Amino acid sequence: RHTAEMADDLAVVRSVWTTDNDHGAMLQFHTGRHVREGAHPTVGSWACYGLGALTDELPEYVVLGAPPGDCCGGGWAHGAAYLGPEHAGVRLKLDGPAPLPFGTPAAGKTPQEQAEEFGLIGRLNRLAGIDYPDDPQLQARIKSYELAFKMQTAVPDTLRLDRESERTRALYGMDRPETAPFGRLCLTARRLVERGVRFVQVFHGGGGGGEWDAHSKIKENHTKLSTQTDKPIAGLLKDLKQRGLLQDTLVVWATEFGRSPGAEGDGRDHHPQAFSVWLAGGGVKGGVVHGKTDEIGFHGVEDRHYVTDIHATVLHQLGLDPRRLEVPGRKRLEIDFGKPITPIIA
């Protein structure tokens, strides 16, 4: 009901389809490719590759929550593949004292000592770069050491949700135990966007635990999980809007596939032939519905869109033409590019 209050800001696409009928479809949503085809750049990595960073103190691409498990591509769901690891998503942990354990100083080491250590490593890496100037792994490592030191200050400040007002925290559902975990992720996403992070990816129900996989007791399962996410995501939309950020921030709410219109006991089976995605802000129309399924929701019958049409729409709204985002020697298939869904663009 909370997200429904924002209906006038949503563009709902009811006819999205994919080809994988198993949980590898999660990876397919992010890359456009079947999990059996291996790692490919995600839409987030393409956005960052095309536009670059807005800040030098935070990653250009941040991942919050538990991504899908190894069954579904694991880290590939926020990876950059051949674009190079510098354009991959960086995971932040919000449930412990060390959101960036790889950059935490060792016990007894001062910030000055760590800065000098990173500086030395950087110089050694650059010397190696003379012999291997085109090694993407080396370039990414150099960048990661430089960024890690800056992030030790910028990330903890970004994650200080206690600096938000009680009213704001309640808007995201952080005052209730069932909505607080996802509310923290959504509020953190807003704070990251404010600070110049280009692309934020928020997961719920991932990690390979099957939290959304309601082959049984679907009503009980989905009622519980929609309760966990409804108020936080509506809170994010409301908060972005009241701060004047929604017009410049594109929010995409999506899933790996739908659920079959036929029952599977007291649950539903996987259903890749037709499912819904909504977008808000970022120059898309609000209060519109696009696409249509048959009368029982089995197949899309009007304005069908493969998942890369969502990618193309996102990139278009960021000012990018997917067909110009190519890497020499890496041929892309026609289906990789997708087409912007122009009827929902304002």
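# Notebook: rings, charges, cores and a sheet

I started with Tyr306, which is buried at a relative accessible area of 7%. Buried means under 20% relative accessible area, exposed means over 50%, and partly exposed is in between, with a 1.4 Å probe and protein chains only.

I note that the model is predicted, so local features need pLDDT of at least 70 and side-chain atom pairs count only at pLDDT 80 or more, while totals for chains, interfaces and linings use all residues. Residues are numbered from 1 along each chain as its sequence is written, and side-chain values use heavy atoms, with hydrogens and water left out.

**Entry 1: ring pairs**

I looked up the aromatic pairs and found six in the structure. Trp17 and Tyr306 make a tilted pair, 4.9 Å from centre to centre with 50 degrees between the planes. Trp17 is in strand E1 and Tyr306 in strand E12 (residues 305–306), so this pair ties together parts 289 residues apart in sequence. Rings of Phe, Tyr and Trp (its six-membered ring) pair if their centres lie within 6.5 Å; planes under 30 degrees apart are stacked, over 60 edge-to-face, and the rest tilted. Helices (H or I, at least four residues) and strands (E, at least two) are DSSP runs, numbered from the N terminus.

Is Trp17 buried or partly exposed? At 21% relative accessibility, Trp17 counts as partly exposed.

Next I took Tyr61 and Phe199, whose ring centres are 5.3 Å apart with planes at 75 degrees, so the pair is edge-to-face. Tyr61 belongs to strand E2 (residues 61–64) and Phe199 to strand E4 (residues 199–202), so the pair ties together parts 138 residues apart in sequence. Tyr61 is buried at 0% relative accessible area; Phe199 counts as buried at 15%. I also noted a cluster in which ring pairs link Trp46, Tyr49 and Tyr82.

**Entry 2: Ser15**

I then went to Ser15, in strand E1 (residues 10–17). Ser15 is buried, with a relative accessible area of 1%. Its side chain reaches the backbone oxygen of Asp303 at 2.5 Å. I listed what Ser15 touches, leaving out residues up to four places away in sequence: Phe275, His290, Gly291, Lys292, Glu302, Asp303, Arg304 and His305. Contact here means heavy atoms within 4.5 Å.

**Entry 3: salt bridges**

How many salt bridges does a search of the whole structure find? It finds 18. A salt bridge is a side-chain nitrogen of Lys or Arg within 4 Å of a carboxyl oxygen of Asp or Glu. Side chains of opposite charge can pair when their charged atoms come close.

I picked three of them. Arg33 forms one with Asp336, with the closest N and O atoms 2.7 Å apart. This pair links distant parts of the chain, 303 residues apart: Arg33 sits in the loop between helix H1 (25–31) and helix H2 (43–51), and Asp336 in helix H9 (residues 334–337). Both Arg33 and Asp336 are buried.

Glu164 and Arg191 meet in another, at 2.6 Å from N to O. Glu164 lies in the loop between helix H4 (136–158) and helix H5 (166–171) and Arg191 in helix H6 (residues 180–194), so the pair ties together parts 27 residues apart in sequence. Glu164 and Arg191 are both buried.

Arg195 and Glu194 meet at 3.7 Å, N to O. Arg195 counts as partly exposed at 30% relative accessibility, and Glu194 as partly exposed at 35%. Salt bridges that share partners join Asp157, Arg163, Glu164, Arg190, Arg191, Glu194, Arg195, Asp239 and Arg243 into one network.

**Entry 4: nonpolar cores**

Which residues have the most contacts inside the largest nonpolar core? They are Leu64, Leu237, Val251 and Trp278, in a core of 27 residues. The elements giving two or more residues to this core are E2, H4, H6, helix H7 (218–242) and strand E8 (275–281). H6 supplies the largest share, six residues. A second, separate core has 21 residues, including Met26, Val43, Ala77 and Leu325. A nonpolar core is a set of buried Ala, Val, Leu, Ile, Met, Phe, Trp, Tyr and Cys residues joined through side-chain atoms within 4.5 Å.

**Entry 5: a sheet**

Last, I looked up an open sheet of three strands in the order E3-E2-E4, with parallel pairing. Strand E3 (90–91) and E4 stand at the edges with a single partner strand each, so one side of each has no neighbour in the sheet. Two strands pair if DSSP finds at least two bridges between them. E2 and E3 run parallel and are joined by two bridges. Val62 has Val90 as its bridge partner in E3.

How values were computed
Polar contact = N/O pair within 3.5 Å; in protein donor to acceptor, adjacent residues only side chain to side chain.
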